[in-house]
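Reader: I'd like to learn how to read helix packing and salt bridges from a model. Can you walk me through it?

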Amino acid sequence: MNENKVGPHSTEKKSLGKRVRSHFHPRPAEDDGPQDWWVASTAIPLIAATTAPLANLMSIIALVMPWRSKLLDQTDSSGAQAQELLTDPRWCIGLNATSLACGIAGNIFLLFNFTRTMRYIIALPASIILWCISTAILVGITTAMHVYDSPVPPDETYSQAYWSAVIAAALYFFLTIILMINMWGYVLGHYPQYFALTDGQRTLILQTTAFVVWLLIGAAIFHAVIDISFADALYFSDVTILTLGYGDITPPTSVGKGLVFPYAVMGIIILGLVVGSIHDFARELQYDNVVRKHVERKRQATIEHSISIEPGAEVPHVDYHPKHLRRSGMQSTIDAFSLVGRPKILVMREEKDRFDAMRAIQYETVLFRRWYNLVLSLIMFGVVWTCGAVVFWKLEKITYFQALYFGFCSLLTIGYGDFTPTTNAARPFFIVWSLISIPTMTVLISEMSDTIVLAFKHATNVFADWTVLPHSGKYRNFLRRFPAIYVALQRHEEKRRVAQGFHVGVDGAQSGTSHLNHDPEHPPARSIEELAGEPDTASATASGAASSGFQLAQQLAYAIQRTTRDVMAGEPKRYSYEEWVEFTRLIRFTDPSPDGVEVHEDEYGILNWDWIGKTSPMLATQTEPEWVLNRLCESLIRYIDIQARNASRTKEEDEPTLKKQREIKFEDE
């Protein structure tokens, strides 16, 4: 009877447990599977690691100063009403210290998680619990202070420490929520447990921590030297490092003025490093999760469009050998177009079209990235500016337009000083707001330099090309659009050269280049159509036609020298289709694969690729000169290997003949 009653319930509980567990798929730490939820997996841990020191900073201000102050009938050095701090109850100080200890411990556990000193499943819940405790304690003591020991108006008010505690509680709560989102994504199996931090991300965490520590050092120093409260000293340090220069608080003594020199220089350097790291991290995150996906969508759309061959097209049947197509760079085109039986001239044109299509995707992606970053920066700037203005409007009792004006002057570090934060609630908020908004403004200015300023510079250069500083051949290229005028001018130029005794012929006139200007380091690039009829250089080398191989090896050395200069130049260079044709020929002339075998990659590296395929050089993380240089060096290694094998084979073949000659010589002796 009991078994019959318990059995259905236990079965139901087991099925419920299975259904619950089926929704959770935690992944191991070293899992290499695909990751999604990139905001939760990458951005949230970095935001938590950089925001936690700021929350600790506000909590320190709340601990070292009393929460209430008495208003005096005089003004201080900043022009605000002077205040006398009142003593807090002991329970407030004790709970405040406990909250700070929990907040710092949560930050330490998070760093242990980043460095893999402690397991994710232990360290992250510990950070969440500790920050949740800090939030609860701060909310509790601020509420208790307001109920049981609040300041008596109009002579008493809450000090900057009280409002710093409110801001710290809000930051700890924010950190708790975002880390819970990160842990939820891990439980659902969207990414492995450990954070895969790059060197730049680790550096950002250290730089942010160092910046907060430097602010605390400045607050302690100027609190003692200038004889102001610790909160005002922190505000002065923040205004100094951000180069705002309001002038509401200034060092009156020579010692204070002298300490500003080293403190401001070091603080500005640390701030610049932090802003640069934030900018790099944001770009890296956008490139990996937005730009690359945009390129992939465009590439897939281009492939779908390119393989749509017009029905009913009459093409003569011509059988192609894979080796011939591989020699001309067309092997991968078979897979995309099913081109067996199509005329060679159409194959060659489509290869050029695929290159142009991928190049068009590149240019479109550059524009997309620039304007996407600019629009995103404008949105962030607008949110920080307008929302900050709302807070200052309410705290400082000024008009909203004046708050916008104050925020704009602060964001651009103009610092007129006609409006400054004066209330006890506004100054702690200003410290947090400025540390968030001014780096945002710096990133916006950087993005504007990559878009608007770059477009203006390009327009200026174009105007200069056609007016005061024309480039060589600029008008010649323009006149090529009008054949009649260009031919007439060319004939006039030829008559003038003949009259002066210069040679004019096929080399100079028809091909557009003179044999006198031939540079062995920069051989003229040829198209795939011109290379299609050449013999397979790798086969020719293997069969004994060493002269052609040696010539190509010499050109290979020149190409390596040229691309090395392009890499060392430091500017991202993009090669033309004709240059890629020449590089392709030099990369593939040492292809050791036998006839009829398609080899995309061997022990040395990539040999064949599709311009709009996943192995396209235009999709590589390297620059084009770096990618070409690596492939050319691999080709040189293959060439040396082939020559060594040929020499060994020749030695083995000649060994019997030499042995027989030695025997005959021995018999004669």
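This is a predicted model: local features need pLDDT of at least 70, side-chain atom pairs count only at pLDDT 80 or more; totals for chains, interfaces and linings use all residues.

Reader: Okay, what describes a pair of packed helices?

Author: Two packed helices are described by the angle between their axes and the distance between those axes. Here, the axes of helix 2 (residues 38-64) and helix 3 (residues 90-114) come within 10 Å and cross at roughly 160°. Angles over 145 degrees count as roughly antiparallel, so that's how helix 2 and helix 3 run relative to each other. The crossing of helix 2 past helix 3 is left-handed.

Reader: Which residues make the contact between helix 2 and helix 3?

Author: Among them are Pro45, Ala48 and Ala52 of helix 2, plus Ile93, Leu100 and Phe114 of helix 3. By class, the contact has 14 nonpolar, five polar and no charged residues.

Reader: On to charges. How many salt bridges does a search of the whole structure find?

Author: Nine. Take Arg427 and Asp232: their closest N and O atoms are 2.7 Å apart. Arg427 sits in helix 13 (residues 426-450) and Asp232 in helix 7 (residues 230-241), so the pair ties together parts 195 residues apart in sequence.

Reader: Is Arg427 buried or exposed?

Author: Buried, with a relative accessible area of 2%. Asp232 is buried too, at 12%.

Key: Residues are numbered from 1 along each chain as its sequence is written. Side-chain values use heavy atoms; hydrogens and water are left out. Axes are lines fitted to C-alpha atoms, for helices over the stretch in contact, and angles run from 0 to 180 degrees between N-to-C directions. Helices (H or I, at least four residues) and strands (E, at least two) are DSSP runs, numbered from the N terminus. Angles under 35 degrees count as roughly parallel, over 145 as roughly antiparallel, 65 to 115 as roughly perpendicular and the rest as oblique. A crossing is left-handed if the near helix is turned anticlockwise from the far one by less than a right angle, and right-handed if clockwise. Contact means heavy atoms within 4.5 Å. Ala, Val, Leu, Ile, Met, Phe, Trp, Tyr, Cys and Pro count as nonpolar, Asp, Glu, Lys and Arg as charged, and the others, Gly among them, as polar. A salt bridge is a side-chain nitrogen of Lys or Arg within 4 Å of a carboxyl oxygen of Asp or Glu. Buried means under 20% relative accessible area, exposed over 50%, partly exposed in between (1.4 Å probe, protein chains only).
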